Amino acid sequence: MAIPKKIQIKRNMDERGILDQVYNLDIPFEIKRSYTVKNFSPGTIRGLHKNFDEWKGFYIIKGSALFVVFKNDEFPQKFILSEITPEMLIVPPDYWNGWIDLGEDTILLAFSNIIFENHKEERMPVNSYYRKFFMVKSR
């Protein structure tokens, strides 16, 4: 059974700058759709939805984000993605998932194995129970 996980993205850096090899052979699904997301204000929660037959891959181009991922009866897992560390979060089908940007100007790049017109999802309101999982706690 597939579980959510982060995979390393190869980063090349030299005197000219940085090149991240985002689309690579470590992605466990065939990519049929890609899209970007940018929120108008920091702290906006995106998602909480479950894709039935759809794999998702999430990569942060700029900024950082907190992802919350869980099965129906499981305690949510949290994943942090940032432009600082080149990683992609892979979310298999049947997992609830959502994210919140952790700063201004965060840009997310997402991949899917299903075109938009064919995707099926269930949405859940981000009520007070789920909202607490998106909060950042001071330490």
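A residue counts as buried when its relative accessible area is under 20%. By that cut-off, 5 of the 5 residues of strand β9 are buried, so β9 is largely enclosed by the rest of the structure. The model described here is predicted.

**Strand β9**
- Strand β9 spans residues 87-91.
- E87, L89 and V91 point one way from β9, while M88 and I90 point the other way.
- In a regular strand the side chains alternate between the two faces of the sheet.
- The residues on both sides of β9, E87, L89 and V91 as well as M88 and I90, are all buried.

**The sheet**
- An open sheet is formed by 5 strands, in the order β1-β9-β6-β11-β4, with antiparallel pairing.
- Its edge strands are β1 (5-8) and β4 (33-38), each of which pairs on one side only.
- Direction ignored, neighbouring strands of this sheet are turned by 25° against each other on average.
- Strands of a sheet pair through backbone hydrogen bonds, either parallel or antiparallel.

**Neighbours of β9 in the sheet**
- β1 and β9 run antiparallel and are joined by 4 bridges.
- On this side, K5 has I90 of β9 as its bridge partner, and K6 has L89.
- β6 and β9 also run antiparallel, and 4 bridges join them.
- Here the bridge partner of Y59 is M88 in β9.

**The nonpolar core**
- The largest nonpolar core has 14 residues.
- Within this core, F58, F67, L89 and L108 are the residues with the most contacts.
- Two or more residues of the core come from each of β6 (56-62), β7 (64-70), β8 (77-82), β9 and β11.
- β7 gives the largest share of the core, 3 residues.

**The surface patch**
- I80, L102 and V136 make a nonpolar surface patch of about 270 Å².
- L102 sits in the loop between β10 (96-101) and β11 (107-112).
- Partly exposed describes a relative accessible area between the buried limit of 20% and the exposed limit of 50%.
- L102 has a relative accessible area of 36%, so it is partly exposed.

Technical notes: Residues numbered from 1 in each chain as written. Predicted model: local features only at pLDDT ≥ 70, side-chain atom pairs only at ≥ 80, totals over all residues. Heavy atoms only, no water. Patch = residues over 30% accessible without salt bridge, like charges linked within 9 Å, V, L, I, M, F, W, Y side chains within 5 Å. Areas by Shrake-Rupley, 256 points an atom, 1.4 Å probe, with all protein chains shown as cover. Salt bridge = Lys/Arg side-chain N within 4 Å of Asp/Glu carboxyl O. Buried < 20%, exposed > 50% of the residue type's maximum accessible area, 1.4 Å probe, protein only. Pairing = 2+ DSSP bridges. Axes fitted to C-alpha atoms, helices over the stretch in contact; angles between N-to-C directions. Core = buried A, V, L, I, M, F, W, Y, C linked by side-chain atoms within 4.5 Å.
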